[in-house]
Amino acid sequence: MIVFSWYRGSNEKWLDAYKDPVASLYTLTQCITLSDVQADGDWKLIIADLGTGTFDMKLKVYKGTNLMSENTIIDLPTGVETFYMDTHEPRTPAIAVASGPYIYVYKNLRPYFKFTLPTLEVNPVEADLWNQVKEEKINIFVLREMLEGMRAEGTVLTVRSLRFLQLQDITDCEAFANLYRFTPLRRQTVITSLATLKKSHADEDAISCLVLGTESKSVYVLDPEAFTVLTTMELPSVPVFLSVTGLFDVEYRIVVACRNGCIYTLKRGTTVTTKNCIELNSQPVGLQRINKTIYVGTMDEALHCYTSKGKKLWTVKLPASMTTMEIIDYKPKGFKAVIVALSNCNVHIYKEKYLVNIIKTDDVVTGLKFGRFGREDGTLIMTLRAMHRTFQRDLYLLRLNTAREYVKSLENRMNPISSDPQEPLKLNATVQGIGPMFKLTVNLQNTSLSNPSTNLLITFQYDDKLYAFKNSFIEVPMLVPGLNYAFETYVECQSDKGISDNVKVYILRQGKSIPIITGIISMPCTDVEPIANVKKKNQDDF
């Protein structure tokens, strides 16, 4: 993560305020926001971390450069926004995280509410097929053939049917069908984009509605207090980027970039979405709006500008492909511009169609956010791809080293719990005393259900110049399953240097050289003089 601060001097435009190359963040522009979540005038950085892409997703809140809050997210996040949902004092905004078919709302940095998208209508033919499976009228071969035919015809299937078609093994298909045939069939969509819309007032802390784009080609506007759907608008394609202006109770505009390469404008009472439709030459990478102009970055390495009615004003050819884009609105200077991150590790800032600044980075930028951070009005935050690669590499190395050490411990039996099902033993050892004489207790337990353990021995490995054992070899009687057996011996520290060492405990079976299990005891230090030295001094004094 890199944080730049707008410099008010005449030469340099940015100051490098903070850089953390090992922040372990994997996020995108739509998953970053800035807000005064504690109503103390100190704006916090809120990031939905995508983790590894499959697990370890978290909502992180930073105060300055320190992580102050962290919450686990169950599914992959697709957007983060802050909004005011009531008029209570102090005026603390809530955090909305879009993840799967849910909106998770956090208030005071704690989970507050979960909104679930309305379920969609299930295709009646698909529902009838699963009902016949439930009543055992058809087998899995007929079910698979019919579902594959429906998918080939373009029918939108439920997640259950799609998961069933992914299975290749017949046994897995039968198990899957038997597991879910009595469960009601539901068709659930997921959220693709998230934005906010002021409800009735334009104040900064006015109550706002949530605007959701979904995979079912719909846009929902949610009531911020009751979390009910205020209005639903249908689109010809799946929305991927949203730009919202206006007031819901008065007049509003929702500019939507869709997966089909078109941009649509929605407003109150919209019935025809194809009016003022903008058809792009390539897929959109980012969408922003400044006043009445729409800025769109596309995959063909171009930045386009359109009017709100769909007329193209200009196009700028970029030197590399775009990865993300963001708006700069620096009110102290009255400066508005578009900031574009490129795949050549450069970040370009365009004032209208003119390039006014270039920022060079160490790697490709994946996330951008400009706004107030802390008490600084002009802060630009960037997340780099290298951070995620570093995190992934360190994570893989940690897993690899853990696996190697585990295998090594199994091979050497350096483990207090036996991994051999034929030798189900559990070892625990404790040391008592302040020195130089210690009492060492070894506790053994047979963890099997019915089989006793016999012919076992306990022995110790230690530094004989440092320690002396009263009994370093113990014969173990038969161990009855489930009971705990304690075996004691005494250890004397023979050093007056105040040093200590580890003592290893081996559990052996008679006739075998490899220990069943091994325990390592970290002996405590002693400041008391050894008994042998005390006796020798007493004799010399006498």
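# Reading a predicted protein model

User: Where is the place of Arg 509?

Analyst: Arg 509 belongs to strand S35, which covers residues 502-509. Please note from the outset that this model is predicted.

User: Is Arg 509 buried or exposed?

Analyst: A residue is called buried when its relative accessible area is under 20%. For Arg 509 the value is 17%, so this residue is buried.

User: Which residues is Arg 509 in contact with, leaving aside its neighbours within four places in sequence?

Analyst: A contact requires heavy atoms within 4.5 Å. With those sequence neighbours set aside, the contacts of Arg 509 are Glu 423, Thr 454, Asn 455, Leu 456 and Ile 516.

User: How many helices and strands does the protein chain have?

Analyst: Its secondary structure consists of six helices and 36 strands.

User: What is the radius of gyration of the protein chain, and what would a compact globule of 542 residues have?

Analyst: The protein chain has a radius of gyration of 33 Å, whereas a compact globule of 542 residues would come near 24 Å.

User: What share of the residues counts as buried, and what is the accessible surface of the protein chain?

Analyst: Of the 542 residues, 48% count as buried. The accessible surface amounts to about 27900 Å², and carbon and sulfur atoms account for 50% of that area.

User: Among contacts between residues at least 6 apart in sequence, what percentage joins residues at least 24 apart?

Analyst: Within that set of contacts, 47% join residues at least 24 apart.

User: Let us turn to charge. How many positive and negative side chains are there, and how many salt bridges?

Analyst: The protein chain carries 61 positive and 59 negative side chains, and 5 Å separates the centres of the two sets. To count as a salt bridge, a side-chain nitrogen of Lys or Arg must lie within 4 Å of a carboxyl oxygen of Asp or Glu. The structure holds 18 such salt bridges.

User: Which parts does the salt bridge of Arg 91 and Asp 205 tie together?

Analyst: The side chains of Arg 91 and Asp 205 meet at 3.6 Å, N to O. Arg 91 lies in the loop between strand S7 (77-83) and strand S8 (94-99), and Asp 205 in the loop between strand S11 (191-198) and strand S12 (208-214), so the pair ties together parts that are 114 residues apart in sequence. Arg 91 counts as buried at 16% relative accessibility, while Asp 205 is partly exposed at 31%.

User: Which parts are tied together by Lys 439 and Glu 488?

Analyst: Their side chains form a salt bridge of 3.2 Å, N to O. Lys 439 lies in strand S30 (residues 437-446) and Glu 488 in strand S34 (residues 484-493), so the pair ties together parts that are 49 residues apart in sequence. Lys 439 counts as partly exposed, with 24% relative accessibility, and Glu 488 is partly exposed with 44%.

User: Which residues are linked in a network of salt bridges?

Analyst: One such network links Asp 56, Lys 58 and Glu 70.

User: Now to the backbone. Which peptide bond is cis, and where is the place of Pro 90?

Analyst: The bond from Glu 89 to Pro 90 is cis, and its omega is near -5°. Pro 90 sits in the loop between S7 and S8.

User: What is the phi of Ala 39, and what is that of Lys 217?

Analyst: The phi of Ala 39 is near 55°, a positive value in a residue other than glycine. Ala 39 is placed in the loop between strand S3 (32-35) and strand S4 (44-49), where its relative accessibility of 33% counts as partly exposed. Lys 217, which is not a glycine, has a positive phi of about 65°. Lys 217 is found in the loop between S12 and strand S13 (218-222), and with 38% relative accessible area it is partly exposed.

User: Finally, is Glu 204 buried or exposed, and which residues is it in contact with?

Analyst: Glu 204 belongs to the loop between S11 and S12. Residues over 50% relative accessible area are called exposed, and Glu 204, with 60%, is exposed. Apart from neighbours within four places in sequence, Glu 204 is in contact with Trp 43, Tyr 84 and Lys 198. The C-alpha atoms of Glu 204 and Phe 473 are 77 Å apart in space, and the two residues are 269 apart in sequence.

Notes: Residues are numbered from 1 along each chain as its sequence is written. This is a predicted model: local features need pLDDT of at least 70, side-chain atom pairs count only at pLDDT 80 or more; totals for chains, interfaces and linings use all residues. Side-chain values use heavy atoms; hydrogens and water are left out. Helices (H or I, at least four residues) and strands (E, at least two) are DSSP runs, numbered from the N terminus. The radius of gyration is taken over C-alpha atoms; the globule rule is 2.2 Å times the number of residues to the power 0.38. Buried means under 20% relative accessible area, exposed over 50%, partly exposed in between (1.4 Å probe, protein chains only). Accessible areas come from the Shrake-Rupley method with a 1.4 Å probe; for residues, only the protein chains shown count as cover. Lys and Arg count as positive and Asp and Glu as negative; His and the chain ends are not counted. The place of a charge is taken as NZ of Lys, CZ of Arg, CG of Asp or CD of Glu.
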